[in-house]
Amino acid sequence: MRIVNGLPGAEEMLSRLRCHALVRACAITAAILLTIAWMTPASAIERISNDSGGQIGTYLTKFNTLRRTGQPVVIDGTCASACTLVVGMIPRNHICVTPRAVLAFHAAWDPTLYGAQLNKPGTKYLWSHYPPGVRNWIARHGGLKSQTIYLSGRELAALFSTCH
């Protein structure tokens with residue numbers, strides 16, 4: 001036993017006090033971080049309206065992130081082209097549609113010097129990511145072609161929950 005400042009066991013007591021202080025500081029830090037996490041809008045709603053689409057890769061990245069965070073998605077306007085990947089990448093129970101929601105589907109294409117050229121692998125990729133109900137609807141309306149087809153109203157509400 002060491003004697004520190006004239007007290008037997010004082011070094012051990014100081015060590016225990018430091019350990020308790022460290023544990024308490026860790027617990028307080030964890031509580032603060034949890035509070036911040038709960039206050040952070042991880043459950044914020046992603047609202048899609050008037051999205052004309054774009055590069056498939058951009059939407060894959062965006063929707064993968066949304067899926068990981070568990071954010072609900074509200075489709076409240078037009079979601080066209082690559083934007084429609086949302087219906088296959090986000091769990092159905094995390095998507096709702098408003099009466100203004102419209103999904104606009106068409107074949108994938110690439111810009112060329114001579115205008116747009118259909119991209120068969122891109123179209124196949126889009127098709128493979130749509131859920132069965134959406135694929136059935138697309139097939140009944142001519143498939144993914146250069147012409148855009150629009151899913152909205154009652155037909156869309158039959159496939160996805162309506163927003164409350």
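The model is predicted, so local features need pLDDT of at least 70 and side-chain atom pairs count only at pLDDT 80 or more, while totals for chains, interfaces and linings use all residues. Residues are numbered from 1 along each chain as its sequence is written, and side-chain values use heavy atoms, with hydrogens and water left out.

The largest pocket comes out at about 280 Å³. On a 1 Å grid over the protein atoms alone, a pocket is an open set of points where a 1.4 Å probe fits, with protein on both sides within 12 Å along at least five of seven lines. Grid points are joined across faces, edges and corners, and the volume is the space filled by probe spheres set on the points. Its lining, meaning residues with an atom within 4 Å of a point, has 15 residues, and the closest to the pocket centre are Gly54, Gln55, Ile56, Ser81 and Trp109. Two elements, β8 (109-112) and α4 (120-129), each give two or more residues to this lining; the largest share, three residues, is from β8. Helices (H or I, at least four residues) and strands (E, at least two) are DSSP runs, numbered from the N terminus. By type, the lining splits into seven nonpolar, seven polar and one charged residue. Here Ala, Val, Leu, Ile, Met, Phe, Trp, Tyr, Cys and Pro count as nonpolar, Asp, Glu, Lys and Arg as charged, and the others, Gly among them, as polar.

Ser81, one of those residues closest to the centre, sits in the loop between β5 (78-80) and α3 (86-89). Its phi is near 60°, a positive value in a residue other than glycine. Is Ser81 buried or exposed? Ser81 counts as buried because its relative accessibility is 14%, and buried means under 20% (exposed is over 50%, partly exposed in between, with a 1.4 Å probe and protein chains only). Leaving out residues up to four places away in sequence, Ser81 touches Ser52, Gly53, Gly54, Ala104, His106 and Tyr130, a contact being heavy atoms within 4.5 Å.
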